[in-house]
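Student: I'd like to go through some labels and see what backs each of them up. Can we take them one at a time?

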Amino acid sequence: MQHNSSEEHHSNGVAGRNEGQGGFSRRLTDEEFDRYSRQMIVPGMGKEAQLRLINSKVLIIGAGGLGCPAAQYIAGAGIGTIGIVDGDIVEPSNLHRQVGHATSRIGMMKVDSLITHLRDLNPLPTYVPYTFPISHENAADIISQYDLVLDCTDNPATRYLISDVCILLCKPLVSAASVQKSGQLIVLNCPPTPQGKADKKYSPCYRCCFRKPPPANTQLSCGEAGIMGPVVGLMGVAQAGEAIKILASGLHLPSAISGTTTEDDPHNLIQPTLLIYSYDLNAAPGPYTFRPLKMASRKKNCFACGENSPQTLTLEGIKSGNPNYIQFCGLQTPKATLPAQDRITASAYHAARESGQLQNHILLDTREKEHFSFGSIEGAVNVPFGKLLMKAATIKRSGGDAEEILPVKSAEDPIFVVCRRGLDSQEAVEKLKELGVDQGGKRKIVDIIGGMKAWKEEVDPSFPFI
Amino acid sequence: MSTPKPAPGHFTILYFATATSFTGKNVESLPAPLSLRKLGDVLEERYKGIKEGVLGHSLVTINLAYVDIPEEGEDDVIIKEGDEVAIIPPVSSG
């Protein structure tokens, strides 16, 4: 927290009676008074809370589906300094949820686009653009300039990095995430506590809650899996809500909390609430729509904040690439897993069809049915990958007929498998062989390299790839 | 908000995010009592691959509170009749 008064706000201000020091001892400017009046009169807010917001510095990492709505409310509330980090540019597919951008700003850096929007909303804060992605090399330098961090990023490697650096720099972290129809929100390391202090009195970090990242092949991105705008929007707005609450009430200051909360207090931040939002397209809100889950306090054996963590995690280490977040999250570029004879390029498959060499065959399309609904190769049958795996597991367990997995019955015809980008299809080929659908090698089961993306690039440029 | 009660002799289990896609369900009932340490095996029996694909990186709550899965030598936790268990995989995107 910056307690020093800022000159530019002093234009018509004089210190009132019974007021604190520095930045809290001035009057609000007329413009501030007008602009923030509706939130300042809310019970529990008042002038001192507003001045705390004005004197605060918040870093928003990610200017996407979470960062846009979060930034709007952070800026609207009058947080004095707002840093925004993102290396991406605005694309048309962002706009259904990334409400801080605009059709007229497609192609612009997201950070510049969002700041354009925010300045129009509220010109008073200082906006600091970082038009590059957060990395292990720059994270500490950037985060150290701020009082509180909002994690609005889109991948596990970055989430672990940000949480680790927030522990080492003693910054509270408001973390949210969302994909498809699910959202999560949690306040971490608040009040911020130095690394290594790890009995039950202290707030956890991201690693205390999620010790291991999901396997790389199950990590869903919004680009791959889709995302409903209001789901991620709600999470981003809630994130801003938590950040404003923390800063206005001084909950991020160690003195505000130590010794005043107990384990039984449902509002304590030491065992923070993980809020889960589940959005059901087929049902009205029900008892499972919002679930508040009580997390545990800091873990003694946590790699980042636990008892022995000063030996395992340091700022110097992070900067020089230790730990290796990319490796930890298993995000190496996927390699071809199938031997060459089990694979065919989209163009070669097309040529074989056209020339008549390939008469009877089964073409399995393992994309989700929503993807399939926009278009498919003629004759393709849709067996979504998840369903295929489930069926395979059932057959394996109960020893049923392996042919049951195919929607079309024909014992000899070769099978071609296509998916969206060529990863699931390889796994599907392996599964089918495992079940013996290839009849010990007599029947060909072939993966179409690069999936429908390759089909669009190599064969049919008009194909509606999504 | 109150939630539906499971049948006698059962507990409720909720699946979130990828746990929902893996099981194809949001909620179901399983026989109680059950040792928390055995929960993984019971689910693996029903949903092959769930241990590695989902449970390995998910957190587990009982009655809305986080629980550690007990390791060898640690005291076990018993899931009782009427309890609500939730499987929560991390969501990373945004």
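## Labels and the numbers behind them

Student: Why is D86(A) called buried?

Tutor: Keep in mind that this is a predicted model. D86(A) has 26 C-beta neighbours inside 10 Å, and the cut-off for buried is 20 or more, so D86(A) counts as buried.

Student: Where does D86(A) sit, and what does D86(A) touch?

Tutor: D86(A) lies in the loop between β2 (81–85) and α4 (110–121) of chain A. Leaving out residues up to four places away in sequence, D86(A) touches G62(A), A63(A), G67(A), K110(A) and V111(A). UniProt, in an unreviewed entry, lists D86(A) under "binding site", along with residues including G65(A), R97(A) and K110(A).

Student: What makes R97(A) buried?

Tutor: Again, set the count against the cut-off: R97(A) has 23 other C-beta atoms within 10 Å, and 20 or more is what buried takes, so R97(A) is buried. R97(A) is placed in the loop between β2 and α4 of chain A. Not counting residues up to four places away in sequence, R97(A) touches G65(A), I227(A), G229(A), V232(A) and G233(A).

Student: Now the helices. Why are α3(A) and α4(A) called roughly parallel?

Tutor: The axes of α3 (residues 67–76) of chain A and α4(A) cross at roughly 30 degrees, and come within 9 Å. Angles under 35 degrees count as roughly parallel, therefore α3(A) and α4(A) get that label. The crossing of α3(A) and α4(A) is right-handed.

Student: Which residues make the contact of α3(A) with α4(A)?

Tutor: From α3(A) you get C68(A), A71(A), Q72(A), A75(A) and G76(A), and from α4(A) L114(A), L118(A) and L121(A). Gly counts as polar here, in case you wondered about G76(A).

Student: And F210(A), how do you know that F210(A) is buried or exposed?

Tutor: F210(A) has 24 other C-beta atoms within 10 Å; buried needs 20 or more, so F210(A) is buried. F210(A) is in the loop between α7 (206–209) and α8 (222–225) of chain A.

Student: What does F210(A) touch?

Tutor: Not counting residues up to four places away in sequence, F210(A) touches H57(B), L59(B) and P90(B).

Note on methods:
Residues are numbered from 1 along each chain as its sequence is written. Chains are lettered from A and ligands numbered from 1 in the order in which they are written. This is a predicted model: local features need pLDDT of at least 70, side-chain atom pairs count only at pLDDT 80 or more; totals for chains, interfaces and linings use all residues. UniProt positions are given in the numbering used here, feature names are shortened, and annotations may be inferred rather than shown by experiment. Helices (H or I, at least four residues) and strands (E, at least two) are DSSP runs, numbered from the N terminus. A residue is buried if 20 or more other C-beta atoms lie within 10 Å of its own, exposed if 12 or fewer, and partly exposed in between; C-beta atoms are placed from the backbone. Two residues are in contact if their C-beta atoms, placed from the backbone, lie within 7 Å. Axes are lines fitted to C-alpha atoms, for helices over the stretch in contact, and angles run from 0 to 180 degrees between N-to-C directions. Angles under 35 degrees count as roughly parallel, over 145 as roughly antiparallel, 65 to 115 as roughly perpendicular and the rest as oblique. A crossing is left-handed if the near helix is turned anticlockwise from the far one by less than a right angle, and right-handed if clockwise.
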